[in-house]
Amino acid sequence: MGTPEDDPPHVLASGRIGAASVSFFGLAAAAPVVTLITLVPVALAAGSGALVPLSFVALAVVLLLFCGGYAAMARRSPSAGAAYAQVARGLGRPAGLTTAWLAVTGYQAIQFGLYALAGAAVTPLAQSWAGVTVPWWAGAAGCWVLVALFGTMRIEVAAGVIGLLAVGEAAVLAGMGASNLLQPFGGRITLDSIRVDDPGLIDRPVLGLLLAAGVLAFAGFESTGNYAEESLRPQRTAGLGGYGAAVLVALLLGGLSWTMIVAAGPSRIGAVADARGSELLFDLADERLLPWAVTLGRLILVTSVLAGVLALHHALARHLYALGRDGVLPGVLAGTGRRTGAPRAASLTQSLIAGAALAGAYVAGADPGPVTARWMILGGALSILLLLLAASLAALLHLNRVPGDEGAWTRFISPLLSTVSLGSLVYLAFRDLPQILGLPAGYPLVRAVPAAIGAVVLVGLVHAAVIRWRWPIRYAGIGLGGTAVVVTPEKVKEESPEIRIPQQRDPGVHRPERAANRRSPGPG
């Protein structure tokens with residue numbers, strides 16, 4: 001019997017979850033009910049009308065195109081690092097590490113925004129049920145405790161909880177949508193609810209709000225790739241989960257936003273949304289359903305936010321685990337539970353980071369509300385949008401540079417279309433940033449968001465440069481999931497003079513797939 005020192009290093013437990021569970025992780029991370037409450041009313045109040053559900057459909061098409069290359073890359077090399085590992089293979093190690101930092105900071109910002117929203121959502125429920133006023137930090141702290149607890153459990157347990165909450169959210173939202181359709185404004189559903197009479201509306205600043213709704217709605221669905229190593233079929237489950245999450249989010253948001261137009265009336269929806277704001281979804285339900293059903297809807301808001309935070313926590317933990325395993329962050333983050341196979345050290349670290357942030361906000365006397373939560377979520381979603389663009393471009397380059405058994409659609413057409421589409425969305429997002437945030441163009445926060453994202457990109461590039469200079473062996477392993485083997489030049493000379501290690505000056509050496517030893521050309 002071997003000693004503990006002889007035991008193999010802990011790895012993530014494999015074969016634990018299927019495609020349905022992975023889809024629910026992506027659906028929960030996207031938190032569609034948050035979009036329906038925070039951004040859809042704003043977009044409708046701006047006069048966008050039928051463009052709102054149509055924009056969700058259009059964005060779903062773009063992201064389904066993205067899923068083609070994303071799934072192919074995940075099939076070739078399943079990794080808990082997901083986009084980080086894929087970008088490292090396709091665009092090089094510096095780009096991969098920068099993508100990892102964009103993922104970590106983007107998910108953190110979205111998670112903090114959801115914590116703030118959870119605190120704000122608990123207050124009216126406690127007031128109506130118990131007649132007590134619960135401060136925001138108490139609701140957020142309760143959410144944090146549950147997330148910290150489930151974060152270290154077996155992945156199938158967390159998947160069961162998230163699946164239950166996601167199914168409950170979808171069922172309640174579907175019920176609200178059905179009530180809107182059964183009692184439409186004016187007694188009938190008309191084509192005006194889905195028809196755009198003024199195509200010039202697309203060129204107006206309201207496009208920024210529609211883009212914001214789309215970015216917020218789908219940010220998080222790509223986290224399905226983080227569970228490839230723990231799925232039943234590592235080469236297929238993550239890709240199928242990504243497709244499933246994109247379709248589910250599109251159906252919920254496109255369908256629900258359309259039923260809200262039907263219920264309020266196509267000609268009245270702008271004024272109604274402007275008057276009722278974030279209460280639009282619940283007010284429309286209150287006119288058609290019993291009071292207990294509306295209360296259930298408000299409870300679902302809290303549980304869906306909890307599911308979103310838990311899903312993002314798991315995605316963050318696996319990113320930190322992958323970075324620790326590759327040696328670019330402290331190796332302790334790669335520790336896993338012996339019985340659970342979960343990234344225990346990374347999960348506890350993430351819980352400490354979130355707890356410290358919430359404690360700091362409490363000590364500082366902060367009182368974040370839905371508006372602050374919206375700013376944080378949108379800022380994080382913009383980081384994720386850049387991540388999607390980088391992953392799409394990486395798939396386009398890698399799949400064609402290293403051909404496999406993929407067809408022309410998966411290898412070239414789908415990644416090309418998604419790269420062009422996502423690049424256009426990135427341009428529009430930063431061009432219309434004041435409209436997205438709902439702030440004047442000269443407001444400090446409008447400049448702070450791109451500055452913060454630029455700082456994250458700079459940190460990633462500097463981090464990669466430092467590792468390359470100080471720890472070249474670790475640099476060679478970026479994006480390889482801890483499997484890189486580097487042979488020293490001295491060993492090469494002793495045993496195999498014809499084998500050499502590629503040097504930094506060699507073309508393409510920055511890409512992980514070229515880290516393997518190559519034979520030097522023969523004489524002449």
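This note sets out numbered points on the fold, core, aromatic contacts and backbone of the structure above.

1. Basis of the model. The model is predicted, so local features need pLDDT of at least 70 and side-chain atom pairs count only at pLDDT 80 or more, whereas totals for chains, interfaces and linings use all residues. Residues are numbered from 1 along each chain as its sequence is written, and side-chain values use heavy atoms, with hydrogens and water left out.

2. Overall composition. The protein chain has 20 helices and two strands; helices (H or I, at least four residues) and strands (E, at least two) are DSSP runs, numbered from the N terminus. Of its 524 residues, 52% count as buried, where buried means under 20% relative accessible area, exposed over 50% and partly exposed in between (1.4 Å probe, protein chains only). Among contacts with a separation of 6 or more, 80% come from residues 24 or more positions apart; contact means heavy atoms within 4.5 Å.

3. Nonpolar core. A nonpolar core is a set of buried Ala, Val, Leu, Ile, Met, Phe, Trp, Tyr and Cys residues joined through side-chain atoms within 4.5 Å. The largest such core has 137 residues, of which Phe218, Phe221 and Leu281 touch the most other members. Helix α13 gives the most to this core, with 18 residues. Leaving aside residues up to four places away in sequence, Leu281 touches Val33, Leu36, Ile37, Leu173, Met176, Leu256 and Met260.

4. Helix α13. This helix covers residues 291-325, and its 35 residues reach 51 Å from first C-alpha to last, close to the 51 Å expected at 1.5 Å a residue. The expected span is 1.5 Å times one less than the number of residues. Helix α13 is mostly covered, with 28 of its 35 residues buried. Just after α13, Gly327 takes a positive phi of about 85 degrees.

5. Helix α18. Residues 444-470 form α18, a helix of 27 residues that reaches 37 Å from its first C-alpha to its last, close to the 39 Å expected at 1.5 Å a residue. Its buried residues are Val446, Val449, Ile453, Val456, Gly460, His463, Ala464 and Ile467.

6. Aromatic pairs. Rings of Phe, Tyr and Trp (its six-membered ring) pair if their centres lie within 6.5 Å; planes under 30 degrees apart count as stacked, over 60 as edge-to-face and the rest as tilted. By this rule there are four aromatic pairs. One of them is the stacked pair of Phe66 and Tyr70, at 5.0 Å centre to centre with 25 degrees between the planes. Phe66 and Tyr70 are four residues apart in helix α4 (residues 51-76), and are therefore separated by about one helical turn. Phe66 is buried at 2% relative accessibility, and Tyr70 is buried at 5%. Phe66 also forms an edge-to-face pair with Phe221, at 6.2 Å centre to centre and 70 degrees between the planes. This pair links distant parts of the chain, 155 residues apart: Phe66 is in helix α4, and Phe221 is in the loop between α9 (206-218) and α10 (237-264). Phe66, Tyr70 and Phe221 form one aromatic cluster.

7. Charges over rings. A charge sits over a ring if NZ of Lys or CZ of Arg is within 6 Å of the ring centre and within 35 degrees of the ring normal. Arg298 lies over the face of Phe282, at 4.5 Å from the ring centre. Arg474 lies over the face of Trp471, at 5.0 Å from the ring centre.

8. Glu230. This residue is placed in the loop between α9 and α10. Glu230 counts as buried, at 0% relative accessibility. Not counting residues up to four places away in sequence, Glu230 touches Leu12, Ala13, Ser14, Gly15, Arg16, Ile17, Ile155, Arg318 and Gly341.

9. Cysteines. A disulfide is a pair of cysteine sulfur atoms within 2.5 Å, and by this rule the count is zero. Cys67 is buried at 1% relative accessibility, and Cys143 is buried at 6%.

10. Most residues other than glycine have a negative phi. Ala31 has a positive phi, near 45 degrees, and lies in the loop between α1 (19-30) and α2 (32-38). Ala82 also has a positive phi, near 50 degrees, and is found in the loop between α4 and α5 (83-91). Ala31 is buried, with a relative accessible area of 4%, and Ala82 is buried, with a relative accessible area of 4%.
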